[in-house]
Amino acid sequence: MVRTQFLPGRVTAMDQSQGMLDIARTRAPHAQLVRTAFPPLPFPEDAFDLVFAANFYGLLVADERDAFLAEASRVARGLVVLDLRSDGRTHMEGLEPREVDGVSYPIFRRRFTPSSLLAELGGDVLYPGRYFLLVRAPLRKD
């Protein structure tokens, strides 16, 4: 989970898990918390300056990515994506095992290189870390 308390300004945090929102409440008591599944984003047009997606974008398959980018463009002018970096020099995607409460199941996961994430989003690489990437992109309004 992103350390929500370090985000500046007014913060609205969204998750489908009440448990994650409970953690966010202890770390960022000033934030507005919204429990919902995506899509759609439950906010009016131009509600925010920025959408910040942490460890989320890489879980989306193509049609979900399109829907997310359309919704983000509807509610904000900019997007920042924090997601996993590829272990190598190439973009990776496929099923990975995930275990929760002793139950294992596959999830779709993408791991980006700086160039592969920029090719999708445009913008600027803010942090090309060893394990994570942070990219800021303007959102196009139709």
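**Figure 1. Aromatic cluster in the predicted model.** In this predicted model, F38, F56, Y57, F68 and F112 are joined into a cluster through ring pairs. The number of aromatic pairs comes to six.

Figure 2. F38 and F68 are both buried.

Figure 3. An edge-to-face pair is formed by F43 and F48, at 4.9 Å centre to centre and 85° between the planes. The relative accessible area of F43 is 15%, so F43 is buried, given that the cut-off for this class is under 20%. F48, in contrast, has a relative accessible area of 23% and is therefore partly exposed.

**Figure 4. The largest nonpolar core.** This core comprises 21 residues, and V51, Y57, F68, L79, L117 and L121 have the most contacts inside it. Two or more residues each are contributed by β3, α2, β4 (76–84), α3 (114–121) and β8 (132–138). In soluble globular proteins, nonpolar side chains tend to be buried together.

**Figure 5. Surroundings of L121.** When neighbours within four places in sequence are left aside, the contacts of L121 are Y57, L69, L79, V81, V135, A137 and R140. Among them, Y57 also belongs to the aromatic cluster, and Y57 and L79 are listed with L121 among the core residues with the most contacts.

Note on methods
Residues numbered from 1 in each chain as written. Predicted model: local features only at pLDDT ≥ 70, side-chain atom pairs only at ≥ 80, totals over all residues. Heavy atoms only, no water. Phe/Tyr/Trp six-rings, centres within 6.5 Å; stacked < 30°, edge-to-face > 60°. Buried < 20%, exposed > 50% of the residue type's maximum accessible area, 1.4 Å probe, protein only. Core = buried A, V, L, I, M, F, W, Y, C linked by side-chain atoms within 4.5 Å. Helix = DSSP H or I, 4+ residues; strand = E, 2+ residues; numbered from the N terminus. Contact = heavy atoms within 4.5 Å.
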